Amino acid sequence: MARINDNYLKLKAGYLFPEIARRVNAFAEANPKANIIRLGIGDVTEPLPEACRQAMIQAVQDMGERSRFKGYGPEQGYAWLREKIAQHDFQARGCAIDASEIFISDGSKCDTGNILDIFGKDNKIAVTDPVYPVYVDTNVMAGNTGDANDRGEYDGLVYLPITAENNFTAQIPNEKVDLIYLCFPNNPTGATATKAHLQDWVNYAKAHGSIIFFDAAYEAFITDPELPHSIYEIEGARDCAIEFRSFSKNAGFTGTRCALTVVPKTLKAKAQDGSEVELWKLWNRRQSTKFNGVSYIVQRGAEAVYSPEGQAQVQGLIKFYLENATIIREQLSAAGLTIYGGINAPYVWVKTPEGLSSWDFFDQLLEKVNVVGTPGSGFGAAGEGYFRISAFNSRENVEEAMRRITAKFSLT
Ligand code: MLT
């Protein structure tokens, strides 16, 4: 009989969001009249920007004309999109990133998992706790961990707790780690990192020959001009960091799929024989073997994000979701709940009321007020006692959810 990848058997239960969906669907089936409001998974609700839609319509027309028809595109993505990204997202902020260092993909979730293909098996890997579960689960699947303990922590991973005490930014480890996952603005806590904090990480990584995986999927929600949007705003980062970005949360592409990964050509890691190898070459090799690129139509849609109309429309979307976050923050604070995040991020991180675990609070919100959030413990052991509320929804739903929650759970 064929053998499976036994590492999959180490994974704890279901992936967090399908597990939530399973519980919500069971509740909905048993209570068909309940009007459930979903503030769980961070999935956008507002329509695609007009500029992106028009560009995609035009691209569909191109596909209907022999002279403009496109077959396979470049695996790395079309140069016209990569150049716009390099210019607007990086060079305009003083980051020396060239279009040739950008790889277009169908999602940051896929890329943060796939990147492990180009790294060896004996790396020491650090994640924050709580953390976006994809970073952990993909390492388990790749065989980079042992088994999980009762708290759900996998043997072999270094967990860096992020708590209210450290403003949800991890302490630089005392030991040497080779790969470090950082996400700012943070999913799930909504925390942000200053330039000084990121400089500490870059200094650490350079001193130890480590690589930082920097997930900047939520950078568009940064409104504070002092905060960095990219790790490459930090001196030395070109030599130690890979950055992941996405069109999902700024331009509403969660269903359309377009993202990018930056692998600077100066970035190196060691081969078994001790030689230093350019990671760009390996990632390029990996992508051109396993990936055929994002569709022409979608890349044209993403390109339109950088047009003046696209920029204005994306700003409108960001503003809208940040206003939702403000409503959530204000209402829950007024109800006496302790809250974090939600200022430069679309997630509000809520302390659960005294005596309620993360999943208790999830069940109570679902059953008593028919509102879905995400239990903090689903993001790691240190997330226990917290709950994430997403600002991605219509204004009406956010206001109604807050009315229901504050009516039932007010602590004042
Ligand atoms: C989340 O809710 O954490 C995100 O939607 C997950 C994702 O972007 O894959």
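This is a predicted model: local features need pLDDT of at least 70, side-chain atom pairs count only at pLDDT 80 or more; totals for chains, interfaces and linings use all residues.
Residues are numbered from 1 along each chain as its sequence is written, and side-chain values rest on heavy atoms, with hydrogens and water left out.

Helices (H or I, at least four residues) and strands (E, at least two) are DSSP runs numbered from the N terminus. Strand 15 (residues 386-390) is largely enclosed by the rest of the structure, because five of its five residues are buried, where buried denotes under 20% relative accessible area with a 1.4 Å probe and protein chains only. Both of its faces are covered, with Tyr-386, Arg-388 and Ser-390 buried on one side and Phe-387 and Ile-389 on the other. Strands are taken to pair if DSSP finds at least two bridges between them; strand 12 (residues 347-351) runs antiparallel to strand 15 and is joined to it by five bridges, whereas strand 14 (residues 374-375), also antiparallel to strand 15, is joined by two. Phe-387 is the bridge partner of Val-350 and also stands opposite Pro-375.

A pocket is an open set of points, on a 1 Å grid over the protein atoms alone, where a 1.4 Å probe fits and protein lies on both sides within 12 Å along at least five of seven lines; lining residues have an atom within 4 Å of a point. The largest pocket has a volume of about 670 Å³, the volume being the space filled by probe spheres set on grid points joined across faces, edges and corners. Among its 25 lining residues, Asn-123, Gly-209, Ala-269, Lys-270 and Ala-271 are the closest to the centre. Helix 6 (195-208), strand 9 (268-270), strand 10 (276-278) and helix 7 (279-290) each give two or more residues to this lining.

Rings of Phe, Tyr and Trp (its six-membered ring) pair if their centres lie within 6.5 Å, with planes under 30 degrees apart counted as stacked, over 60 as edge-to-face and the rest as tilted; the count comes to 27 aromatic pairs. The rings of Trp-359 and Phe-362 are edge-to-face, because their centres are 5.0 Å apart and their planes stand at 70 degrees. These two residues of helix 10 (residues 358-369) are three residues apart, and therefore separated by about one helical turn. The charged end of Arg-23 sits over the ring of Trp-359, 3.9 Å from its centre, a contact that requires CZ of Arg or NZ of Lys within 6 Å of the ring centre and within 35 degrees of the ring normal.

Key. Buried means under 20% relative accessible area, exposed over 50%, partly exposed in between (1.4 Å probe, protein chains only).
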